[in-house]
Amino acid sequence: MILDNHHILLVDDDDVTNFLSREMFRLSYPDMVINTTLNGREAIDFLLQALSEAGGLPQIILLDINMPVMDGWDFLDKFNDLVKQYPVLDRIRVFVFTSSVYQEDLKKAMTYPLVKKAFSKPLNDQQIREMVNYCS
C-alpha cells in the first residue's frame, strides 16, 4: 500500500468548512484528490477501506476536534491503534484543524506523536504550504 502524494482526507462535521478547505487546497494544488468525512468514525472506516483496496492512502489528514459520533481525540486514539496494526499508516501526516478557542486543545493535540502540527480555523495559504512542505 502506498500513500498518494496528492491526496488529502478532511475530517470535519461542518460542510462549509469542508467546502472552503477543499477550494483553498484546489487553488494551490488543482490536481489534489480531496475526500471528506464528517466524523472520526467515518474517517477510520475510510482508512480501513483504503487499506483493503488497491487505492492509495491520503498523505495528509486534516482533523477537526469537536465532532459528533467520534471526535478528534477518539479518532487519534483509534488511529494510533491502527498504526500499530498497519505500520504504513505512520507515514500519513495528521494536522489538527480546530475552531476551538482553548489554547489547551492546541497543546493537547501536540501531545499525540502522530500529530505534526495544530492549526486554528480558517485555513489559509500559509497553513497549506506548511502542510505540503512537511510531507515533502
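Helices (H or I, at least four residues) and strands (E, at least two) are taken here as DSSP runs numbered from the N terminus. The model is predicted, so local features need pLDDT of at least 70 and side-chain atom pairs count only at pLDDT 80 or more, while totals for chains, interfaces and linings use all residues. Residues are numbered from 1 along each chain as its sequence is written, and side-chain values use heavy atoms, with hydrogens and water left out.

Begin by selecting helix α2 (residues 40-52), where Arg-41 and Asp-45 are four residues apart and so separated by about one helical turn. Their side chains meet in a salt bridge at 2.9 Å, N to O, the term meaning a side-chain nitrogen of Lys or Arg within 4 Å of a carboxyl oxygen of Asp or Glu. Arg-41 is partly exposed at 29% relative accessible area, and Asp-45 is likewise partly exposed at 39% (buried is under 20%, exposed over 50%, partly exposed in between, with a 1.4 Å probe and protein chains only).

Next, select Lys-121, whose salt bridge with Asp-12 has its closest N and O atoms 2.5 Å apart. Lys-121 lies in the loop between β5 (115-120) and α5 (125-135) and Asp-12 in the loop between β1 and α1 (15-28), so the pair ties together parts 109 residues apart in sequence.
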